[in-house]
Amino acid sequence: IVVALGAIALTATVLGSDALVDRGLGAALGIGGIERWIVYPVILWMVAFGGYLLAGRTAPAPAR
């Protein structure tokens with residue numbers, strides 16, 4: 001999932017370049033749409049990574 005989020009953000013960054021905004025998908029989404037495609041995967045990755053860090057490890061039950 002991390003690779004997919006990174007690929008989406010990288011593709012949106014390329015589409016958001018000044019040369020590509022005027023044509024293709026960049027023109028259809030506009031500047032705000034491209035910005036969302038760049039930022040949202042990064043935010044989702046940070047939330048997922050934070051959840052992973054908060055989950056911690058479970059210690060095995062002590063033997064009696």
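Helices here are DSSP runs (H or I, at least four residues), numbered from the N terminus. This is a predicted model, where local features need pLDDT of at least 70 and side-chain atom pairs count only at pLDDT 80 or more, while totals for chains, interfaces and linings use all residues. Residues are numbered from 1 along each chain as its sequence is written, and side-chain values use heavy atoms, with hydrogens and water left out.

Q: How many aromatic pairs does a search of the whole structure find?
A: Rings of Phe, Tyr and Trp (its six-membered ring) pair if their centres lie within 6.5 Å. Searching the whole structure on that basis, the number of aromatic pairs found is two.

Q: Are the rings of W45 and F49 stacked, tilted or edge-to-face?
A: The ring centres of W45 and F49 sit 5.1 Å apart, with their planes at 10°. Planes under 30 degrees apart count as stacked, over 60 as edge-to-face and the rest as tilted. So W45 and F49 are stacked.

Q: What separates W45 and F49 along helix α3?
A: Look at the spacing: W45 and F49 are four residues apart in helix α3. That's why the separation is about one helical turn.

Q: Which residue forms an aromatic pair with F49 at 6.2 Å centre to centre?
A: This pair is stacked too, with 25° between the planes. Both residues lie in helix α3, three residues apart. The partner of F49 is Y52.

Q: Is Y52 buried or exposed?
A: Buried means under 20% relative accessible area, exposed over 50%, partly exposed in between (1.4 Å probe, protein chains only). F49 has 38%, so F49 is partly exposed. Y52 has 60%, so Y52 is exposed.

How values were computed:
Helix = DSSP H or I, 4+ residues; strand = E, 2+ residues; numbered from the N terminus.
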